[in-house]
Amino acid sequence: MAARRALPRLPRPGLGPAGWECQQSAQGDFGLLVAVIGRAERAARQSVSVVIEPVGLVLEVAADETVMGAAERRGYRWPTLCHGEGTCSVCWAEVLSGGQNLSAMRDKERNTLELLSPHLRARRQVRLACQARVHGDVAVRKPGVRPA
Ligand code: FES
């Protein structure tokens, strides 16, 4: 049978310098707890809404998530061939509103969008759903999005 190790005794607050240190530690732990709760509250506040038409899907997503990733994480299938690599262009979506709330377009996305017809790109604001990250409320149109 293994011998039980005695737990160290904690100093009691208010009983001298050791107790004072204990109170300081408790305040430090409380400060850490407040910081953690504050971070969680900020993350919750950064949740934004993504509307996907014509399926009529409304998602509350964490800021900085991709449009496609958010839908897939909630059990929806988004049309794709490259599965989010940003190379096939199949995931393109028309931005209906909130385009300013999507991440800035990078060269990779811009180059892949060149695969789409110039007529399409001229008439609509299109983004790659696998590359566009959500920073605020946005609505997009993507036929073919459906429950997996
Ligand atoms: S999934 Fe292929 S480019 Fe977005």
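Residues are numbered from 1 along each chain as its sequence is written. Because the model is predicted, local features need pLDDT of at least 70 and side-chain atom pairs count only at pLDDT 80 or more, while totals for chains, interfaces and linings use all residues. Here pLDDT is the predictor's confidence in each residue, from 0 to 100. The chain averages a pLDDT of 83, and 70% of its residues score at least 70. Over residues 13–22 the score stays under 50. For that stretch the model has 10 contacts beyond four places in sequence, a contact being a pair of residues whose C-beta atoms, placed from the backbone, lie within 7 Å.

Four helices and seven strands make up the chain's elements; these are DSSP runs numbered from the N terminus, with helices (H or I) of at least four residues and strands (E) of at least two. Read from the N terminus, their order is α-β-β-α-β-β-α-α-β-β-β. Of the contacts with a separation of 6 or more, 63% involve residues 24 or more positions apart.

Five of the strands form an open, mixed sheet in the order S2-S1-S6-S4-S5, where two strands pair if DSSP finds at least two bridges between them. Strands S2 (57–61) and S5 (126–128) each have a single partner strand, so one side of each is left without a neighbour in the sheet. From one strand to the next, the twist averages 35°, an angle between N-to-C directions on a scale from 0 to 180 degrees, with axes fitted as lines to C-alpha atoms.

The pairings can be followed across the sheet. S1 (residues 48–53) runs antiparallel to S2 and is joined to it by five bridges, with Val48 opposite Val61. The hairpin of these two strands has three residues between them, and there Gly56 takes a positive phi near 75°. S1 is also joined to S6, in parallel, by four bridges; Glu53 has Arg141 as its bridge partner in S6. Arg141 also stands opposite Glu94, and three bridges join S4 to S6 in antiparallel fashion.

In a regular strand the side chains alternate between the two faces of the sheet. A residue is buried if 20 or more other C-beta atoms, placed from the backbone, lie within 10 Å of its own, exposed if 12 or fewer do, and partly exposed in between. Buried residues make up 19% of the 148 in the chain.

The largest nonpolar core has 23 residues; such a core is a set of buried Ala, Val, Leu, Ile, Met, Phe, Trp, Tyr and Cys residues joined through C-beta atoms within 7 Å. Val50, Val67, Cys91, Ala93, Ala129 and Val134 have the most contacts inside this core. Two or more residues come from each of S1, helix H2 (67–73), S4 (92–97), S5 and S6 (138–141), and H2 gives the most, with four. Beyond four places in sequence, Ala129 touches residues including Val67, Trp78, Cys91, Ala93 and Val140.

Finally, Glu65 lies in the loop between S2 and H2. Glu65 counts as partly exposed because 18 C-beta neighbours lie inside 10 Å. Glu65 and Val134 are 69 residues apart in sequence, yet their C-alpha atoms are 5.7 Å apart in space.

Key. Two residues are in contact if their C-beta atoms, placed from the backbone, lie within 7 Å.
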